[in-house]
Amino acid sequence: MFDYPRPCAGMLVVKGDAVLVLERGHPPRRGCFDIPGGFVDAGEDLEAAARRELREETGLAVGKAEFLGFYWDRYYLRGFGHFPVMNFYYLGRWRRGTPRPADDAAGAEWVPVAELGRRRRRFAWKHMARVYADLKRRLRAGR
């Protein structure tokens, strides 16, 4: 059923030297670190999907966002197995508000960008290491 790629969109929210990281509340990969995001609805703009997912999972909104990159991965659905996903990420700056985990998220925290990958909790998806490496490069270039 899912032998074709599904588009996903996410929003990396930066606050000072930290990035918003979620804890997954549901399978697959419950308890792992994740980026606010999810599947794109039919006919939905990629950036609009990233903003919608951020709002649904944290209650936050960001102002101007910039495209960070595109990353392949795969997703597992019980009963269907693995299928390819195309992940499109945007970078937004925190303006105000406290993230409140909702929808798929069990928790939300600000993690210093320098500590990404050094925490005990695992990333939910393989492509996240590349996403965070690109985020670090983008933030260094912007300073």
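**Group meeting talk: cores, a buried histidine and salt bridges**

Let's open with H127, which counts as buried because its relative accessibility is 2%. Before going on, a reminder that this is a predicted model. H127 sits in the loop between strand 7 (105-112) and helix 2. So what does the side chain of H127 make a polar contact with? Its partner is the side chain of Y89, at 2.8 Å. If we set aside neighbours within four places in sequence, H127 is in contact with Y71, W72, D73, N87 and Y89.

Together with F67 and F70, W72 makes a nonpolar surface patch of about 310 Å². F67 belongs to strand 5, residues 65-77. Is F67 buried or partly exposed? With 39% relative accessibility, F67 counts as partly exposed.

Now for the inside. In soluble globular proteins, nonpolar side chains tend to be buried together. Here, the largest nonpolar core has 25 residues, and L12, V19, Y132 and L135 are those with the most contacts inside it. At least two residues of this core come from each of strand 1 (6-15), strand 2 (18-24), strand 5, strand 6 (81-93) and helix 2 (128-142). Helix 2 gives the most to this core, five residues. Take L135 as an example: not counting residues up to four places away in sequence, L135 touches L12, V14, V19, L68 and L91. Apart from this core lies another one, of 12 residues, with A9, M11, L60 and A65 among them.

On to the charges, for those of you setting up electrostatics. The count comes to eight salt bridges.

Elsewhere, salt bridges that share partners join D41, E44, R52, E53 and E56 into one network. Which residue does R52 pair with at 2.7 Å? That is E44, going by the closest N and O atoms. R52 also meets E56 in a salt bridge, at 3.3 Å from N to O. E56 and R52 both lie in helix 1 (residues 46-58), four residues apart, about one turn of the helix. Why does R52 count as buried? Because its relative accessibility is 12%, and the cut-off for buried is under 20%. E56, in contrast, is partly exposed, with a relative accessible area of 35%.

Thanks, everyone, and I'm happy to take questions.

Key. Residues are numbered from 1 along each chain as its sequence is written. This is a predicted model: local features need pLDDT of at least 70, side-chain atom pairs count only at pLDDT 80 or more; totals for chains, interfaces and linings use all residues. Side-chain values use heavy atoms; hydrogens and water are left out. Patches are made of residues with over 30% relative accessible area and no salt bridge: like charges are joined within 9 Å, nonpolar side chains (Val, Leu, Ile, Met, Phe, Trp, Tyr) within 5 Å. Accessible areas come from the Shrake-Rupley method with a 1.4 Å probe; for residues, only the protein chains shown count as cover. A salt bridge is a side-chain nitrogen of Lys or Arg within 4 Å of a carboxyl oxygen of Asp or Glu. Buried means under 20% relative accessible area, exposed over 50%, partly exposed in between (1.4 Å probe, protein chains only). A nonpolar core is a set of buried Ala, Val, Leu, Ile, Met, Phe, Trp, Tyr and Cys residues joined through side-chain atoms within 4.5 Å. Contact means heavy atoms within 4.5 Å. A polar contact is a pair of N or O atoms within 3.5 Å; within protein, one must be able to donate a hydrogen and the other to accept it, and residues adjacent in sequence count only if both atoms are side-chain atoms.
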